Amino acid sequence: MTRKVEWNLRRLLALHDIYKTTELVPLLTSRGVKLSREQVYRLVTSTPQRLNLEVLDALCDILDCTPNDLISFSAATGSVSETVDLGLA
């Protein structure tokens, strides 16, 4: 079974009336997290493959949430069938 990761940062930012990624930069900086505007943009617009715990803690503090609010998992829909050619013919 494959699980789908849902990154809810953009939704939580909107709930706190933060709509521009540039608004998040100083909030992170004030909590000791120094990320460039480009890094913050990628953090907001795409699901991170890895996440530093200091960044996660700062986001939870800024948004008054838990990691479970930021990251959720669900079962992926649909099935994938794959044929593998072992070259035994």
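**Helix packing, core and loop residues**

V25 is located in helix α2, and the model in which it is described here is a predicted one. With a relative accessibility of 16%, V25 counts as buried, because it falls under the 20% limit for that class.

**V25 and its surroundings**

- Apart from its neighbours within four places in sequence, V25 is in contact with L35, R37 and V40.
- The C-alpha atoms of V25 and L35 are 7.0 Å apart in space, while the two residues are separated by 10 residues in sequence.

**The pairing of α2 with α3**

- Two packed helices are described by the angle between their axes and by the distance between those axes.
- For α2 and helix α3, which spans residues 37-45, the axes come within 9 Å of one another and cross at roughly 110 degrees.
- This angle lies within the range of 65 to 115 degrees, so α2 counts as roughly perpendicular to α3.
- The crossing in which α2 passes α3 is right-handed.
- On the α2 side the contact is made by T21, T22, L24, V25 and L28, and these residues meet R37, V40, Y41 and V44 of α3.
- By residue class, the contact of α2 with α3 comprises six nonpolar residues, two polar ones and one charged one.

**The largest nonpolar core**

- In soluble globular proteins, nonpolar side chains tend to be buried together.
- The largest nonpolar core of this model has 21 residues, of which L9, L13, L24, L28, L59, L63 and L70 touch the most other members.
- At least two residues of this core are supplied by each of α1, α2, α3 and α4, and the largest share, seven residues, comes from α4.
- When neighbours within four places in sequence are left aside, L70 is in contact with E6, W7, N8, L9, L12, L56, L59, C60, L63 and C65.

**Two loop residues with positive phi**

- D17, which is placed in the loop between α1 (9-15) and α2 (21-29), has a positive phi of about 55 degrees although it is not a glycine.
- The relative accessibility of D17 is 56%, and D17 counts as exposed because this value is over 50%.
- D64 lies in the loop between α4 (53-63) and α5 (67-70), and its phi is likewise positive, near 50 degrees, in a residue other than glycine.
- D64 has a relative accessible area of 71% and is therefore exposed.

Note on methods:
Residues are numbered from 1 along each chain as its sequence is written. This is a predicted model: local features need pLDDT of at least 70, side-chain atom pairs count only at pLDDT 80 or more; totals for chains, interfaces and linings use all residues. Side-chain values use heavy atoms; hydrogens and water are left out. Helices (H or I, at least four residues) and strands (E, at least two) are DSSP runs, numbered from the N terminus. Buried means under 20% relative accessible area, exposed over 50%, partly exposed in between (1.4 Å probe, protein chains only). Axes are lines fitted to C-alpha atoms, for helices over the stretch in contact, and angles run from 0 to 180 degrees between N-to-C directions. Angles under 35 degrees count as roughly parallel, over 145 as roughly antiparallel, 65 to 115 as roughly perpendicular and the rest as oblique. A crossing is left-handed if the near helix is turned anticlockwise from the far one by less than a right angle, and right-handed if clockwise. Contact means heavy atoms within 4.5 Å. Ala, Val, Leu, Ile, Met, Phe, Trp, Tyr, Cys and Pro count as nonpolar, Asp, Glu, Lys and Arg as charged, and the others, Gly among them, as polar. A nonpolar core is a set of buried Ala, Val, Leu, Ile, Met, Phe, Trp, Tyr and Cys residues joined through side-chain atoms within 4.5 Å.
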